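Let's take a walk through a protein model together. Have a look at the sequence and the fold, and then read on.

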Amino acid sequence: VPPPEPCRFQAWSEWTSCSKTCGKGMKMRDRGVLSTAAEGGEQCHGSLRQLDVCSVKACVVEPVVNCALGDWGAWSAVCNGDGQRERTREVVRKASGGGTGCDGSLKDTETCGSRAGYFPV
């Protein structure tokens, strides 16, 4: 009569990486049954999967910042050869954290001088 053979588990797999890149997440590992019980041996008792809480690092929530344009500068003092003058403005705050981008031009032109029907003094 062969001796009783107990159930035997395989070795645990490596832990998975954490399910979250920041804050609390979960990780797990598995194992299988290497051999089942035979000849009246002890059955396997225990889990085939282990779960564990993992914490990688604290989550940093970036604030929502919308883009902002500065005020228009003064019109250029002289009309250029095309009868145009210009003014400009700058981006004073770039969008970040999912904020809305700037809407509008950074350069504005208008007709001036004889083409506009008037002459600057």
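Predicted model: local features only at pLDDT ≥ 70, side-chain atom pairs only at ≥ 80, totals over all residues.

**Rings, charges and a loop**

Residues are numbered from 1 along each chain as its sequence is written, and side-chain values use heavy atoms, with hydrogens and water left out.

R31 lies over the face of F9, 3.6 Å from the ring centre, and K27 lies over the face of W15 at 5.0 Å. For a charge to sit over a ring, NZ of Lys or CZ of Arg must be within 6 Å of the ring centre and within 35 degrees of the ring normal.

Now to the salt bridges: how many are there? The count comes to four, taking a salt bridge as a side-chain nitrogen of Lys or Arg within 4 Å of a carboxyl oxygen of Asp or Glu. One of them joins D30 and R49, at 2.6 Å from N to O. This pair links distant parts of the chain, with D30 in strand 2 and R49 in strand 4 (residues 49-55), 19 residues apart. Strands are DSSP runs (E, at least two residues), numbered from the N terminus. D30 counts as partly exposed because its relative accessibility is 29%; the term covers values between buried (under 20% relative accessible area) and exposed (over 50%), found with a 1.4 Å probe on protein chains only.

Another salt bridge brings E86 and K107 together at 3.2 Å, N to O. E86 lies in strand 6 and K107 in strand 8 (residues 107-111), so the pair ties together parts that are 21 residues apart in sequence. The side chains of D108 and R87 also meet in a salt bridge, at 3.0 Å from N to O. D108 belongs to strand 8 and R87 to strand 6, so here too the parts tied together are 21 residues apart in sequence.

Finally, which loop holds G73? G73 sits between strand 5 (68-69) and strand 6 (84-88). Leaving aside neighbours within four places in sequence, G73 is in contact (heavy atoms within 4.5 Å) with R87 and T88. G73 and D108 are 35 residues apart in sequence and 9.9 Å apart in space, C-alpha to C-alpha.

Notes:
Helix = DSSP H or I, 4+ residues; strand = E, 2+ residues; numbered from the N terminus.
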